Amino acid sequence: MIHQIIVPNTQTVNLTFTVPTNYIGEEMEVIAFIKKETLTQNTSITTLSPALQGNPLTNDEFKNWILQAENQPTLSLQDAKVKWKNKRQQLQQIIK
């Protein structure tokens with residue numbers, strides 16, 4: 001578990017943390033709240049994707065998920081490869 005208290009000096013704060021190896025590929029939730037406030041659990045959390053752990057989708061939810069995916073803009077394979085090449089180079093620069 002990661003637990004860190006921060007006190008921002010400005011409106012913009014960059015947070016960086018190292019994810020434990022066993023968390024890679026797992027859904028994580030990051031929550032920010034004022035310490036004096038009580039943290040309420042949101043019970044209306046919906047599954048972001050059927051690929052992620054959580055409550056199973058109903059048939060109607062699954063059909064709607066497919067319809068939404070079909071209506072999303074597409075990307076050609078060539079464009080996707082170029083984007084990934086650029087992103088991979090950025091990540092490698094960060095690692096060095």
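**Around Leu52 and beyond**

Mentor: Start with Leu52, which counts as partly exposed because its relative accessibility is 30%. Keep in mind that this is a predicted model.

Trainee: Where is Leu52 found?
Mentor: In the segment before α1.

Trainee: How far apart are the C-alpha atoms of Leu52 and Glu27?
Mentor: They are separated by 6.7 Å. Along the chain, Leu52 and Glu27 are 25 residues apart.

Trainee: Let's zoom out. How many helices and strands does the chain have?
Mentor: Two helices and zero strands.

Trainee: Which residues form the nonpolar patch on the surface?
Mentor: Phe17, Val19, Ile24, Met28 and Val30. Together they have about 470 Å² of accessible area.

Trainee: Why does Phe17 count as partly exposed?
Mentor: Because its relative accessibility is 41%. The partly exposed class sits between the buried limit of 20% and the exposed limit of 50%.

Trainee: New topic, aromatics. How many aromatic pairs does the structure hold?
Mentor: One. Phe62 and Trp65 form it, with 5.8 Å centre to centre. The planes are 35° apart, and the pair is tilted.

Trainee: Why tilted, and what are the cut-offs?
Mentor: Planes under 30 degrees apart count as stacked and those over 60 as edge-to-face, so the rest are tilted. The angle for Phe62 and Trp65 is 35°.

Trainee: Where do Phe62 and Trp65 lie?
Mentor: Both are in helix α1. They are three residues apart, about one turn of the helix.

Trainee: What does Pro50 touch, leaving out residues up to four places away in sequence?
Mentor: Leu57 and Trp65. Pro50 itself is in the segment before α1. Trp65, its contact, is in helix α1.

Trainee: How far is Pro50 from Phe62 in space?
Mentor: 8.1 Å, C-alpha to C-alpha. The two are twelve residues apart in sequence.

Trainee: Is Pro50 buried, partly exposed or exposed?
Mentor: Partly exposed, because its relative accessibility is 37%.

Trainee: Last one, Val7. Buried or exposed?
Mentor: Exposed, because its relative accessible area is 68%. Val7 is found in the segment before α1.

Trainee: How far apart are Val7 and Ile34?
Mentor: In space, 9.7 Å, C-alpha to C-alpha. In sequence, 27 residues.

Methods
Residues numbered from 1 in each chain as written. Predicted model: local features only at pLDDT ≥ 70, side-chain atom pairs only at ≥ 80, totals over all residues. Heavy atoms only, no water. Patch = residues over 30% accessible without salt bridge, like charges linked within 9 Å, V, L, I, M, F, W, Y side chains within 5 Å. Areas by Shrake-Rupley, 256 points an atom, 1.4 Å probe, with all protein chains shown as cover. Salt bridge = Lys/Arg side-chain N within 4 Å of Asp/Glu carboxyl O. Buried < 20%, exposed > 50% of the residue type's maximum accessible area, 1.4 Å probe, protein only. Phe/Tyr/Trp six-rings, centres within 6.5 Å; stacked < 30°, edge-to-face > 60°. Helix = DSSP H or I, 4+ residues; strand = E, 2+ residues; numbered from the N terminus. Contact = heavy atoms within 4.5 Å.
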